[in-house]
Amino acid sequence: MEDLINKARILMEALPYIQKFRGKRIVVKYGGHAMADEDLKKSFTRDIILFKLIGLHPVIVHGGGPQIEEVLEKMGIKSRFHEGVRITDSQTMDVVEMVLVGKVNKDIVGWISHNGGHAIGLSGKDGQLIQAVKMDPQKVKKTRRTSELIDMGQVGVVKQINPEVLTKLEDSLFIPVIAPVGVADNGESLNINADYVAESVAGALNAEKLILMTDVEGVSDGQGRLLTNLSEKDIENLIASGVAHGGMVPKLKCALRALQAGVGTVHIIDGRVQHALLLEIFTDKGVGTLVRKE
């Protein structure tokens with residue numbers, strides 16, 4: 001009986017959050033270990049289906065770097081990066097689009113369907129969802145006095161999101177699953193960072209929450225302790241002091257831009273934890289770092 005009472009208490013803890021977020025839009029950037037481990041895939045999928053069934057409007061934006069790398073290696077195509085961004089020539093872009101749109105996206109749609117939900121896969125070309133422009137050539141220092149420009153190829157930055165493609169699905173049971181491939185004015189496909197696409201989609205939808213799933217516990221302080229609640233000013237200080245470093249810096253900058261675009265809160269959570277989405281949104285403690293406006 002005690003076991004049943006504890007389960008009832010958990011449901012009661014979730015109740016005010018369910019009431020608060022019903023009808024709200026939540027954008028989830030999905031990737032990393034949570035997309036590779038079978039148990040984590042199942043828990044993520046069921047969390048998303050539950051979100052939809054209780055009246056939230058989830059939107060998934062996924063990555064796929066490891067899957068792209070695997071196919072490129074098999075095809076004998078060497079990868080080149082600049083500051084963590086894949087330099088994308090036309091041959092590489094064909095592989096990126098094939099893997100992200102044709103494989104990873106459809107796999108996620110299939111997982112949701114297999115677990116009793118409904119999803120629809122999209123890329124930036126569908127309904128002009130992600131209109132983009134090519135990234136400017138990047139300057140690289142050769143010596144203290146000289147530098148050169150690197151053409152990033154078909155790497156894009158978001159020019160505009162067409163939210164109507166997504167809002168028309170809100171009254172249906174379908175969950176949008178977005179591959180981060182944008183389209184240029186000339187119809188050319190462009191490879192875009194998935195965090196950046198998720199941030200842009202959340203801003204265009206005026207989402208209540210943007211959730212970035214990572215392979216770390218969240219944002220840590222100088223002693224490695226998890227920081228569970230941060231303001232915009234806190235983020236600026238963490239970046240300026242160097243406490244935030246490596247791959248966490250672009251995620252924090254992404255969080256800042258999302259808040260400035262009108263997103264309610266940003267969550268950087270540990271995707272290695274089963275049911276991380278439910279634990280972060282529907283419990284008092286959560287499983288990551290919440291980033292809020294001042």
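User: How many salt bridges does a search of the whole structure find?

Analyst: The search finds 15 salt bridges in this predicted model.

User: Why is the contact between Lys-29 and Asp-195 called a salt bridge?

Analyst: The closest N and O atoms of Lys-29 and Asp-195 are 3.0 Å apart. The cut-off is within 4 Å, so the pair qualifies. Lys-29 belongs to strand β1 and Asp-195 to helix α6, 166 residues apart, so that the pair links distant parts of the chain. Both residues also take part in a network of salt bridges with Lys-251.

User: What makes Lys-29 and Asp-195 count as buried?

Analyst: Buried means under 20% relative accessible area. Lys-29 has 10% and Asp-195 has 11%; therefore each counts as buried.

User: Are Arg-86 and Glu-69 buried or partly exposed, and how do you know?

Analyst: These two side chains meet in a salt bridge of 3.0 Å, N to O. Arg-86 has a relative accessibility of 9%, under the 20% limit, and is therefore buried. Glu-69 has 21%, which lies between 20% and 50%, so Glu-69 is partly exposed.

User: Why does the pair of Glu-236 and Lys-233 count as a salt bridge at 4.0 Å?

Analyst: The definition asks for a distance within 4 Å, and the closest N and O atoms are 4.0 Å apart, so the pair is counted. Both residues lie in helix α7, 3 residues apart, which is about one turn of the helix.

User: What makes Glu-236 and Lys-233 partly exposed?

Analyst: Their relative accessibilities are 37% for Glu-236 and 46% for Lys-233. Both values lie between 20% and 50%, so each residue counts as partly exposed.

Note on methods:
Residues numbered from 1 in each chain as written. Predicted model: local features only at pLDDT ≥ 70, side-chain atom pairs only at ≥ 80, totals over all residues. Heavy atoms only, no water. Helix = DSSP H or I, 4+ residues; strand = E, 2+ residues; numbered from the N terminus. Buried < 20%, exposed > 50% of the residue type's maximum accessible area, 1.4 Å probe, protein only.
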